[in-house]
Amino acid sequence: MNKTSCRAHARRALFLIGVAGIATGLPTAAFAQDQEVTPSEPAPPAPEAEATGNEILVTATKREQTLQDTPVAVTVATQEQLERSQVRDLKDLSILVPSLRVTQLQSSANTNFIIRGFGNGANNAGIEPSVGVFIDGVYRSRTASQINDLPNIATVEILRGPQSTLFGKNASAGVISVRTEAPQFDFGGNVEGSYGNYNAVVARGYVTGPLSDTVAASLAGGWSGRDGYLKDLGTGDRTNERNRWFARGQLLFEPSTDLKVRIIGDYSAIDENCCGVVNLQPSAATSVIKALGNIPDADHPYAGVVYDNINSTNDIKDWGVSGEIDWQAGLIGVTSITAYRNNHSITAQDADFTSADLINPLAADVNIDTFTQELRLTADLGNFAHFLLGGFYIHENVDQTGSLLWGSQARPYADQLIRALTGNTQNLSLLEGTLGTLEGNPTKYLGDFFAQGTGNTNEDFTLKSEAYSIFGQADFQVAPGLTLTLGGNYTKDTKDYTASILGTDVFSQVDLVADGRTAIYLTGVSQGVGAYLGHAPTQQEIAAFASDPSTAATYAAISAGALAYASANQNNAAVNPLLALQPLQYLPQFVSVPNSVEPGHISDDAFTYTIRLAYELNDQVNVYATYATGFKAASVNLSRDSRPLASDADALENAGLTQVNQTYGTRFADPEHSRVMEFGLKTNFGRASANLAVFEQRIKGFQSNIFTGTGFALSNAGEQSTFGVEFEGRAELFKGFTANAGVTYLKPKYNDYKFAAVGDLSGTRPAGIPTWTTVIGGTYDYALGNGDDIILDASYHYESRVKVVEGLPGFLDEGSAAAIAAADPFTRQVDDVTASISYKMQNGLEFTLWGRNLLNDRYILQIFDSVAQPHSISGYPNQPRTWGGTVRFKW
């Protein structure tokens, strides 16, 4: 056996021992230390310095270029930056990227990515995000599959603005592209342990190395856990906790310099109690709640206290396999990426967010299977031209079941609300008897209204979607330093969906208009007969009056007049007192789809394109101008709030499909079409680099999904636009100290939004989009002289004050202006400081102390109408200050 073969076998043995160490929890770091060189041996070569600033290699245009040479508005976060800032998953990225906002709201699976003020996709499995997320080239179609911890990230690229030309149908607002390290042919790895406040524990490991001269592998795994930072005084437990783990394995085959095959398999799991809600504005319903349970004090929303009567369930399993083939044949390159992914989420929540047992529970079981295939062909003709031609296919199945049931205290709660709404003329039991009597059976409803276990007992939704794209892009050097880029993408998207709900909420099935008409009629008859008799008549006297031949004609006239008056005023709340109870009909009967009127099928297609001129003024300065369009396919409302279009009302009625208390809305939202005009400047002077982008971006048909207090209203905004300026800069001010700054200015506007959930918002500013967002930071690396370093890192993330939501639909009973004004007091400003200090040793060992949100800046992430609590407002608080220490060893 020759020396080369011996060394190869030794490397494989070290790698396999490292794999075993990770898998079994053995101290692989200690093993590595045992193998350190003796003093007589030469020291190993220092690792290559990580590229920084505009020298970083990126793949934003699906070809590898430096950030300086990439004429696209893109922000890059490197592995070192992510480690210094304690970024664990994509949700944490906003502390590094001023144009990106990430929020987690209703559950661990509901995370929203927003770029330049545009983005949606949470809270409904039928709504695909406007910001596309790709991990190692594989599209992650839903937020539940995007938020898990990721090992050994090489870079995260945030592409701003429409990216549909190269990334397909759901990149109308931007793209987040994550690249992890491929397996290496040199044995290496790292292990990491961290502990922080709220008993936060992180344990991760990664090992890579050769299996043969042409095959390398890597294996990674980790777990992170944390106690909840909110105390639930209803259950006695803590919520907003963290409990998730992952495993990821890779194989890399390199049989020649022209061919690479990379296979990735991953599995992750989340099992968390999340997410706590606080009360921000009480109402008359609040006092009723407090008679049955409790609710957070609206005067102290940051006290760290919430109330629920059950713990939330967030059981999320995500796994997938992918294979990437890269083959280079001279000037021609071929890339194929094939992937299958499965995401299964089981969630359950106390949706009234009180310790009273009103709703128990709001539950959902969502399974998503996704197959994707991408094929790209490239031709590089040197400085003259570069061509790319590709195709993308996605097939996805969504199966969702759920329920929403009344709890054990729903009846006493409803009893108090009924008393309040009727001025104490009715209570629950009396109302059941009254309505039964009006319908001819006094015992018909006794004990049935808001009964425990009734509600939506079985919700079933399916979505089968299929889409393909054909795309291409060509870069021509039309003059020295001047490059013209032309790109186009044709996408065809089809969706078939079904929706059915078995509703057993009896009160929601009562026709209060018809019963009110009957009550008005009977009152009118009684008053008419009483006027004739000179006193209030009994039922027997009315019956005798009607049957007596001498008064029958008079009765007929009284009856006709009463009926005409009742019919004319049945929808008049001043005359029909039962209409005051309609807000308590939370769960109306559902019209299943497909049916004879609604096919449950939608199909869209679009051609999007990019035109760009880029000019290299010199080696340090590049400028570019871009006009690009984007497309997001139609989204389907897979929820209990899926309603037929009003335009289908007559056809549904003629087909006998309408239900009592029939309401209308949307089954789906039409596609989004976006475009951007952008001018950019990129500079790189070695020790300093700076990038500037000025843009005007518009999205027509922006898909809005607004919570109404009982459900979500999915609709299209006519047009939303944003003018913006983005600056990112980095400079090494003196030896060891590097400063960085990012500033985003946004001026958004609803150009046309006549049918928003709270009324006409045309001409107003969209909520939640700050005018100014700033990230300023610095890193100081002080060399001790013995090969060790002390590294200080700090950053400040600022967002100017902004209104949290445009309005609150729960106040529409007082008019659109009141619904908008109700949200005015609730604003948000962010002042977030993150810092760390590390001691980095030459042997690969590193100790770090870190803190996030060090100023303990508290604000409300989102507000909404409190569920089943008229005119009460609730919200999600942000995460408080966290701190801890990390030990990391790399070899």
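Guide: A strand here is a DSSP run of E, at least two residues, and strands are numbered from the N terminus. On that count, R116 falls in the loop between strand 5 (111–115) and strand 6 (131–135). The model is predicted.

Visitor: What is the phi of R116?

Guide: First the general idea. Most residues other than glycine have a negative phi, and most peptide bonds are trans. Now the case. R116 is not a glycine, yet its phi is positive, near 55°.

Visitor: Which residue takes a positive phi in the hairpin of strand 19 and strand 20?

Guide: That is G330, with phi near 70°. The hairpin has 2 residues between the strands.

Visitor: Now the peptide bonds. Which residues does a cis peptide bond join, with omega about 15°?

Guide: C274 and C275. C275 sits in the loop between strand 16 and strand 17 (278–281). Another cis bond runs from N360 to P361, and its omega is near -15°. P361 belongs to strand 21 (residues 359–380).

Visitor: On to strand pairing. In which sense do strand 16 and strand 19 pair?

Guide: Look at the bridges and the direction. Strand 16 (residues 259–272) pairs with strand 19 (residues 313–329) in the antiparallel sense, over 14 bridges. V261 stands opposite I325 of strand 19. Strand 19 is also joined to strand 20 (residues 332–349) by 17 bridges, again antiparallel. There, N314 has T347 of strand 20 as its bridge partner.

Visitor: What is the strand order in the open sheet of 5 strands?

Guide: The order is 3-8-9-6-7, and the pairing is mixed. The edges are strand 3 (74–78) and strand 7 (138–140), each pairing on one side only. From one strand to the next, the twist averages 20°. Strand 3 and strand 8 (residues 153–160) run antiparallel and share 5 bridges. A77 has V156 of strand 8 as its bridge partner.

Visitor: Helices next. At roughly what angle do the axes of helix 6 and helix 7 cross?

Guide: The general idea is simple. Two packed helices are described by the angle between their axes and by the distance between those axes. For helix 6 (residues 410–421) and helix 7 (residues 428–438), the axes cross at roughly 80° and come within 8 Å. Helix 6 and helix 7 are therefore roughly perpendicular, because angles of 65 to 115 degrees count that way. Helix 6 makes the contact with R411, D415 and I418, and helix 7 with L428, S429, L431 and E432. That contact has 3 nonpolar, 1 polar and 3 charged residues.

Visitor: How do the axes of helix 8 and helix 9 cross?

Guide: At roughly 75°, with the axes of helix 8 (residues 512–533) and helix 9 (residues 539–547) coming within 11 Å. So helix 8 and helix 9 are also roughly perpendicular to each other. Helix 8 gives V525, S526, V529, Y532 and L533 to the contact, and helix 9 gives E541, I542 and F545. The residues divide into 6 nonpolar, 1 polar and 1 charged.

Visitor: How many residues line the second largest cavity?

Guide: The lining has 46 residues, and K91, D92, R226, R852 and Q879 lie nearest the centre. Strand 4 (residues 100–104) gives the most, with 4 residues. By class, the lining has 18 nonpolar, 16 polar and 12 charged residues.

Technical notes. Residues are numbered from 1 along each chain as its sequence is written. This is a predicted model: local features need pLDDT of at least 70, side-chain atom pairs count only at pLDDT 80 or more; totals for chains, interfaces and linings use all residues. Side-chain values use heavy atoms; hydrogens and water are left out. Axes are lines fitted to C-alpha atoms, for helices over the stretch in contact, and angles run from 0 to 180 degrees between N-to-C directions. Angles under 35 degrees count as roughly parallel, over 145 as roughly antiparallel, 65 to 115 as roughly perpendicular and the rest as oblique. Contact means heavy atoms within 4.5 Å. Ala, Val, Leu, Ile, Met, Phe, Trp, Tyr, Cys and Pro count as nonpolar, Asp, Glu, Lys and Arg as charged, and the others, Gly among them, as polar. On a 1 Å grid over the protein atoms alone, a cavity is a set of points where a 1.4 Å probe fits but cannot get out, and a pocket is an open set with protein on both sides within 12 Å along at least five of seven lines; lining residues have an atom within 4 Å of a point. Two strands pair if DSSP finds at least two bridges between them.
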